[in-house]
Structure formats: structure tokens, C-alpha cells
Amino acid sequence: MNEILKAMKERRSVRAFKSELPPRELLDAVVEAGVYAASGHGAQSPIVLAVTNQELMAKLRKDNCKIGGWGPDFDPFYGAPAALIVLADKSAPTHVYDGALVMGNMMLAAHSLGLATCWIHRAKEEFETPDYKALLKSLGVEGDYEGIGHCAIGYAAKAPGAPAPRKANRVYRID
């Protein structure tokens, strides 16, 4: 079977990660796959923040919990040692779709490299706050960006389960 199609069928979201940080080369390869995602009008509006700094990961966990309404003992990143945060320039009319494609590319690339991922929401709410706007400014990011999602990434603590059976009546042919 074609390797891309195989990855699409095998990839699963992981909700238990080992603490071991993947090598930078693997993370860079995943990010590169993300920035090669298709984008409306070829605008390439999304950017990726590759976060391996554990202080920032702790802040992301805390802030994500607050937004999600969970207590301080919950880890919305499931122990992932890193996150690839996708943001997209709001001036692009397709920015949300473009960012979603970046996330999909990265999750498939990570799987193909033996890494596990899980899409974590609430990046939109985080990057509407002054703290995260200041983070972008400190990185030299100019413009008005919307958080699309966090790609929690690392090594799976346990093997993901089998895929759920596909629901019937999801494809309609018009010949």
C-alpha cells in the first residue's frame, strides 16, 4: 500500500505520552511537512511555534486547563514533552482551513516517523490573550494571528487502539 495512504489509515490520536523529547531533527521534519501544506491562493498564512521549552509547556498546560474548565491536576497535553502550535494570519480568508491542513500534514508526518500526536484545541483562546500576543511579539511575529491548534507530539506511552469501524453512508457518488 502507498505509504501516505497507510499512514492515513493507521494514525491515531494518542492521549498518553512518554516524557522523552524526540530529537530536534524529527520535530523539524514534522514542521517542514506542515509548512508544505496546501493553502488558499498559495498564501502560506500559517506559522508554527515549535515548543520544547518546558516552562512554556507548563504555562500552556495551566492556561489550557483554565480555558477548558479543568482542575490543576488535569494535563490537557497528556504528558507530551513538546507542542507544535499552528497559528494563521487572519487576513487570509482561508486561514482556518490553511491551518487545519498544516495540522493534518504534521500529524501524518509524525506518525510516519514513529512519533505520536494529538490535536489539542484552545489555541484560539490562548492567543487572544495579552500574554500570548506578547510571546508572538517577542519572537518577531507581526500581524494578527489566530491560534488554530496545538499538535501535542512525542512518543506514545502505549500503543494506540485499533481504528473504529468507518460509519456507513458517508460517501455519495455523482457519476
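Tyr78 lies in the loop between α3 (54-68) and β2. Helices (H or I, at least four residues) and strands (E, at least two) are DSSP runs, numbered from the N terminus. This is a predicted model: local features need pLDDT of at least 70, side-chain atom pairs count only at pLDDT 80 or more, and totals for chains, interfaces and linings use all residues. Residues are numbered from 1 along each chain as its sequence is written, and side-chain values use heavy atoms, with hydrogens and water left out.

Is Tyr78 buried, exposed or partly exposed? Tyr78 is partly exposed, because its relative accessible area is 25%. Buried means under 20% relative accessible area, exposed means over 50%, and partly exposed is in between (1.4 Å probe, protein chains only). Leaving out residues up to four places away in sequence, Tyr78 touches Val14, Arg15, Ala16, Phe17, Cys118 and Ile120. Contact here means heavy atoms within 4.5 Å. Lys18 is 60 residues from Tyr78 along the chain, yet their C-alpha atoms are separated by 9.2 Å.

**The start of the chain**

Helix α1 covers residues 3-10 and holds Ile4. Ile4 counts as exposed because its relative accessibility is 56%.

Arg11 is found in the loop between α1 and α2 (24-35). The side chain of Arg11 does make a polar contact with the side chain of Thr117, at 3.3 Å. A polar contact is a pair of N or O atoms within 3.5 Å; within protein, one must be able to donate a hydrogen and the other to accept it, and residues adjacent in sequence count only if both atoms are side-chain atoms. Setting aside neighbours within four places in sequence, Arg11 is in contact with Met107, Leu108, His111 and Thr117.

**Salt bridges**

Side chains of opposite charge can pair when their charged atoms come close. How many salt bridges does a search of the whole structure find? The search finds 7. A salt bridge is a side-chain nitrogen of Lys or Arg within 4 Å of a carboxyl oxygen of Asp or Glu. The table gives some of them.

| Pair | N to O distance |
|---|---|
| Lys6 and Glu10 | 3.2 Å |
| Asp28 and Arg24 | 3.7 Å |
| Asp144 and Lys90 | 3.8 Å |

Lys6 and Glu10 both lie in helix α1, 4 residues apart, about one turn of the helix. Lys6 is partly exposed at 32% relative accessibility. Glu10 is partly exposed at 39%.

Asp28 and Arg24 both sit in helix α2, also 4 residues apart, or about one turn. Arg24 is exposed, with a relative accessible area of 63%. Asp28 is partly exposed, at 41%.

Asp144 forms its salt bridge with Lys90. Asp144 lies in the loop between α6 (130-138) and β4 (145-154), and Lys90 in the loop between β2 (82-89) and α4 (95-112), so the pair ties together parts that are 54 residues apart in sequence. Asp144 is partly exposed at 39% relative accessibility. Lys90 is partly exposed at 34%. Salt bridges that share partners also join Lys59, Asp63 and Asp131 into one network.

**Positive phi values**

Most residues other than glycine have a negative phi. His41 has a positive phi, near 60 degrees. Gln44 has a positive phi too, near 50 degrees. His41 is found in the loop between α2 and β1 (46-51), and Gln44 is in the loop between α2 and β1. His41 is exposed, with a relative accessible area of 77%. Gln44 is exposed, at 58%.

**A buried methionine**

Met103 lies in helix α4. Met103 is buried because its relative accessible area is 0%. Not counting residues up to four places away in sequence, Met103 touches Val86, Trp119, Gly149, His150 and Cys151. The C-alpha atoms of Met103 and Ile4 are separated by 15 Å, and the two are 99 residues apart along the chain.
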